[in-house]
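Hi,

Here is the structure I said I would pass on. Have a look at it first, and then read on for what turned up.

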Amino acid sequence: EMFSENGTFIKTNSPYGMTFLITCSEDHQGYLPSGTGFRLGCYETQMTYYAQGTAEDVANTYMDMLKALKNG
């Protein structure tokens, strides 16, 4: 489950006019906290399997994929 901060980053910077994210579909691999979540020490950061910075890496990878799709 991706934090809204990273989802907002993807939607705001997407090369498409409308971009929708579905972050909990099929199976659930746990929380994907943002850097802010780790800094604040929220509950999800104690329950995640992922290292700090993973959510930002995933968001940047999504952006690269969206741009590649847009550019053909």
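Below is a short tour, going from the whole chain to single residues.

One thing to keep in mind from the start: this is a predicted model.

**The overall picture**

The protein has four helices and zero strands, so if you walk along from the N terminus, the elements simply read α-α-α-α, given that helices and strands are taken as DSSP runs. Along the principal axes, the C-alpha atoms fill a box of roughly 40 × 25 × 15 Å. There are 72 residues in the protein, and 26% of them count as buried. As for contacts in the protein with a separation of 6 or more, 54% come from residues 24 or more positions apart.

**How α1 and α4 meet**

How do the axes of α1 and α4 run relative to each other? They come within 10 Å and cross at roughly 20°. Angles under 35 degrees count as roughly parallel, and α1 and α4 are therefore roughly parallel to each other. Their crossing is right-handed.

You can pick out the residues on both sides. From α1 come Asn-6, Phe-9, Ile-10 and Asn-13. They meet Ala-55, Glu-56, Ala-59, Asn-60, Tyr-62, Met-63 and Leu-66 in α4. Sorted by class, the contact of α1 with α4 is made of seven nonpolar, three polar and one charged residues.

**The aromatic pair**

How many aromatic pairs are there? The count comes to one. The ring centres of Tyr-31 and Tyr-43 are 6.2 Å apart and the planes stand at 75°, so this pair is edge-to-face; the cut-off for that label is over 60 degrees. The pair links distant parts of the chain, with its two residues 12 apart. Tyr-31 sits in the loop between α1 (4-13) and α2 (35-40), while Tyr-43 belongs to helix α3 (residues 43-47).

Start with Glu-44, which lies in helix α3. Glu-44 has a relative accessibility of 22% and so counts as partly exposed. Leaving aside residues up to four places away in sequence, Glu-44 touches Phe-3, Tyr-31 and Pro-33. If you want a distance to check, the C-alpha atoms of Glu-44 and Thr-8 are separated by 18 Å, and the two residues are 36 apart along the chain.

Next is Phe-38, found in helix α2. Not counting residues up to four places away in sequence, Phe-38 touches Pro-33, Thr-45, Thr-48, Tyr-50, Ala-51 and Gln-52. Of these, Tyr-50 is 12 residues from Phe-38 along the chain, with 11 Å between their C-alpha atoms. Pro-33 is a contact of Phe-38 and also of Glu-44.

Finally, go to Lys-70 in helix α4. Lys-70 is partly exposed, with a relative accessible area of 45%. What does Lys-70 touch, not counting residues up to four places away in sequence? The answer is Pro-15 and Tyr-16. Thr-45, which we saw touching Phe-38, is 25 residues from Lys-70 along the chain, and their C-alpha atoms are separated by 34 Å.

That's the tour; over to you.

Cheers

Notes. Residues are numbered from 1 along each chain as its sequence is written. This is a predicted model: local features need pLDDT of at least 70, side-chain atom pairs count only at pLDDT 80 or more; totals for chains, interfaces and linings use all residues. Side-chain values use heavy atoms; hydrogens and water are left out. Rings of Phe, Tyr and Trp (its six-membered ring) pair if their centres lie within 6.5 Å; planes under 30 degrees apart count as stacked, over 60 as edge-to-face and the rest as tilted. Axes are lines fitted to C-alpha atoms, for helices over the stretch in contact, and angles run from 0 to 180 degrees between N-to-C directions. Angles under 35 degrees count as roughly parallel, over 145 as roughly antiparallel, 65 to 115 as roughly perpendicular and the rest as oblique. A crossing is left-handed if the near helix is turned anticlockwise from the far one by less than a right angle, and right-handed if clockwise. Contact means heavy atoms within 4.5 Å. Ala, Val, Leu, Ile, Met, Phe, Trp, Tyr, Cys and Pro count as nonpolar, Asp, Glu, Lys and Arg as charged, and the others, Gly among them, as polar. Buried means under 20% relative accessible area, exposed over 50%, partly exposed in between (1.4 Å probe, protein chains only).
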